[in-house]
Structure formats: C-alpha cells, structure tokens
Amino acid sequence: MQRPVHVVGVGMIPFTKPGASDPYTVMGARAARLALQDAGVDYADVQQAYVGYVYGDSTAGQAALYGVGLTGIPVFNVNNNCSTGSSALFLARQAVESGMVECAIALGFEQMQPGALKGAWDDRPSPLARFIDSMTERQGYDQAAPRAAQLFGGAGQDYLREHGIRPDTFGRISVRARQHAARNPLAVFRQTLTLDEVMASAQVYGPLTRYQCCPPTCGAAAAVLCSADFAKRHGLDQRVTIAAQAMTTDSPSTFEGGDMLKVVGYDMSAAAARQVYEAAGVGPEDVNVVELHDCFTANELLTYEALGLTPEGTAEKFILDGDNTYGGRVVTNPSGGLLSKGHPLGATGLAQCAELTWQLRGQAEDRQVEGARLALQHNLGLGGACVVTLYQRN
C-alpha cells in the first residue's frame, strides 16, 4: 500500500426480493447518502465515484448519483459480474492510495428480475462460453438446470467425490447462514431453517437443493474512502483501514484438466488471498471475521480452503466442528451471506464491505464478533474476477 486508505463511511439499504424494491435510481441514491452521512462527508467533497451494476443501461451510475448531487465529478460505471461491487471498491481504493484523489465513493446496486441468471444477448458470443464448454466437456449440460447452479454444483460434486464428504455437509452451510441472517435486519431471509428443511427442498443440481442457492435480490450499498490527511482535516473516523487488497483474473489452470473447482474460480481466489496475506504480513489464522462469496453452499465450502481458513480437504471437519461460526475459529458471513442476506450483484461487494466495517467498529449489534481486529472480504465473479480485501481496525 502506497499510503493508508480509510473506510470512513458505509451505507446499505435493506435487501428485498425482485418486484419489492424501489427503482435502482432511488436505491442507489439512498445507499450513497447513507454512506456519506455515516462518514460525515458532503458529496461536494467527493472527487470521484465508481459505480457497479450488472443489469442496467450505460450511465446508470450517473442516474443514481444525480439523485445525490450534480457536482460534475467523474463517475465510472463498472461491470464485473458478481464481483462488480468489490471491483468498484478496488478502483476507488486505488485512486485514493495513488494520490489521484483524497476522497472517493464506491456505490453498487442491482434491480434484479425473478428467476435464474441469464445473458442479455443472443446475437454474440457469451463471455462465459469457454467456462460452459469446459463444464460441458466434464459433466455435460442439463437444459433444465440453471447455468450457474450447474457450474458451482458441478464443483461441489467433484469435491464430494474426491473427498468422500456427506452431501448434507453443504446443507449445514445454509442452516448456519440463516441463523446469522436472523440477526441482520437488512437481510432478505431472516427465517431460520433446519437441516432437514434444507435437504428436503427441491433438487437443483448435484448436491445443491433450492435452499443452498442464493436468491435474485434487489438492493444497494456504498462506501466512502479517503486518505489519512483528508480524514484528519475533516475529523473523520479513521478506525478502519484497508490493509491490503488484490484482484485476480483467470489463469490457464482454470481451463486445464477439467477440474470444476478451478472452472469456478478456486485458483483465482487462492491467488488473491496469497497476495493479500503477503502484502499485509499476516496469515489466515490472524483473521477474526470473513465475508465470502457464498453464491451457492458449494462455493462457500471451496472458499474456506481457497482462502486458507482450513487446509485442503478438511472443509467438512471445519464445518462440523463449528469453526465457521461464533465460538469457532473464524466467523464466516455474520451478515447471512449471499445465501440469506441476498445477492444483488452490483451491491454485494459493497454490502460485504459495510458488514466488515461495522464489525471492526464494534457496531454490528447482535452479529458482533467479539474483539474483531482483522476482517477478510472475498467477492468472486465468473468470467472472471476475484477481489480479496483485508480490513484492519486501528
């Protein structure tokens, strides 16, 4: 890190099911105002904005921020699939760290439609074509199953075969996600589920049942980042610093050997985590709380190992021993994660940032992880991009 970057304000609106939200312009403006209010910063003092969304027209970022103010600043629109929000955060951090600006805002929102994710165009190559081809060669293509569920469910299926774990191990992740979300007033699903209910829900693909798949969600979240000098001049809260951050994209290993774990980003996640630990001079054993990309239960299990939270092949024991929750080694997804908090694609990375900022400030109320000082964020998008961020309490 060239110079410290502080997260001085965060905002998040309650996530909702499709059809129950305000328009993206209203959601985005509201989240931005919440972050600015939390920071104690006037929008006129913000020098650049980075806005993430996946399903929307060009300059939707401007349309949302114009509801906050017309200050003439540069507004950059970002689309990196499910890692869009953290990609916007990465760019805002980079701008502040480099000295290009003193204060920037990152905003993410999504106004989603019901049903499984699908591409918007059928007259041009899909950015995911190579991934689908690798998957099809490995396991075939099921016309009746959602594409994303086949990718991540296939990875879970490969892990299950290799390590001989029980299928309901994946289901336990969803049970814990609902238990955490029950404490989060901003989560879309706050009703707890039993393991029997999770496993009895409709089969989607491989080991995945319906309650093991994140829902389409609408929502918005934002973060205000600034330099230490800016924070001092304006008397802002400097408790939370971005200690390290890395962004990775796919390498040849993604498509070599027909390994579904790698097709869905295992190597990207592991590489980003290694870069972050090395830059910060810490290890996974030092992390107190994690918000990771649990778009499906299978991906949460894989990500435990990719991030080094538990050695390869030991994720089942990590789950059964309760090391992924309160009283265990590291609390994962105290917000409820994508599975239960919800997954409005462009907002997810910034909602993770908000949760971890609250955790490090000691403001997470019933979800508070006692003594949290180091927090790790993992946000993954197929196609592909992975952003891993380490936050530190000063």
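This is a predicted model: local features need pLDDT of at least 70, side-chain atom pairs count only at pLDDT 80 or more; totals for chains, interfaces and linings use all residues.
## A tour of the aromatic contacts

Residues are numbered from 1 along each chain as its sequence is written, and side-chain values use heavy atoms, leaving out hydrogens and water.

**Whole chain.** Switch to cartoon. The chain has 14 helices and 12 strands (DSSP runs numbered from the N terminus: helices are H or I, at least four residues; strands are E, at least two). Its C-alpha atoms fill a box of roughly 55 × 50 × 40 Å along the principal axes. Of the 394 residues, 58% count as buried (under 20% relative accessible area; exposed is over 50%, partly exposed in between; 1.4 Å probe, protein chains only).

**Tyr-24 and Phe-109.** The whole structure holds six aromatic pairs (ring centres of Phe, Tyr or Trp, the last by its six-membered ring, within 6.5 Å; planes under 30 degrees apart are stacked, over 60 edge-to-face, the rest tilted). Select Tyr-24 and Phe-109. Their ring centres are 5.3 Å apart and their planes meet at 25°, so this pair is stacked. Tyr-24 sits in helix α1 (residues 24-39) and Phe-109 in strand β4 (residues 103-110), 85 residues apart. Tyr-24 is partly exposed, at 27% relative accessible area. Phe-109 is buried, at 2%.

Keep Phe-109 and select Tyr-53. These two rings are also stacked, with 5.3 Å centre to centre and 5° between the planes. Tyr-53 lies in the loop between β2 (48-52) and α2 (60-65), 56 residues from Phe-109. Both Tyr-53 and Phe-109 are buried. Show the three together: ring pairs link Tyr-24, Tyr-53 and Phe-109 into a cluster.

**Arginines over rings.** Next, select Arg-124 and Trp-121. Arg-124 lies over the face of Trp-121, 4.2 Å from the ring centre. The criterion is NZ of Lys or CZ of Arg within 6 Å of the ring centre and within 35 degrees of the ring normal. Then go to Arg-130, which lies over the face of Phe-255 at 4.2 Å from the ring centre.
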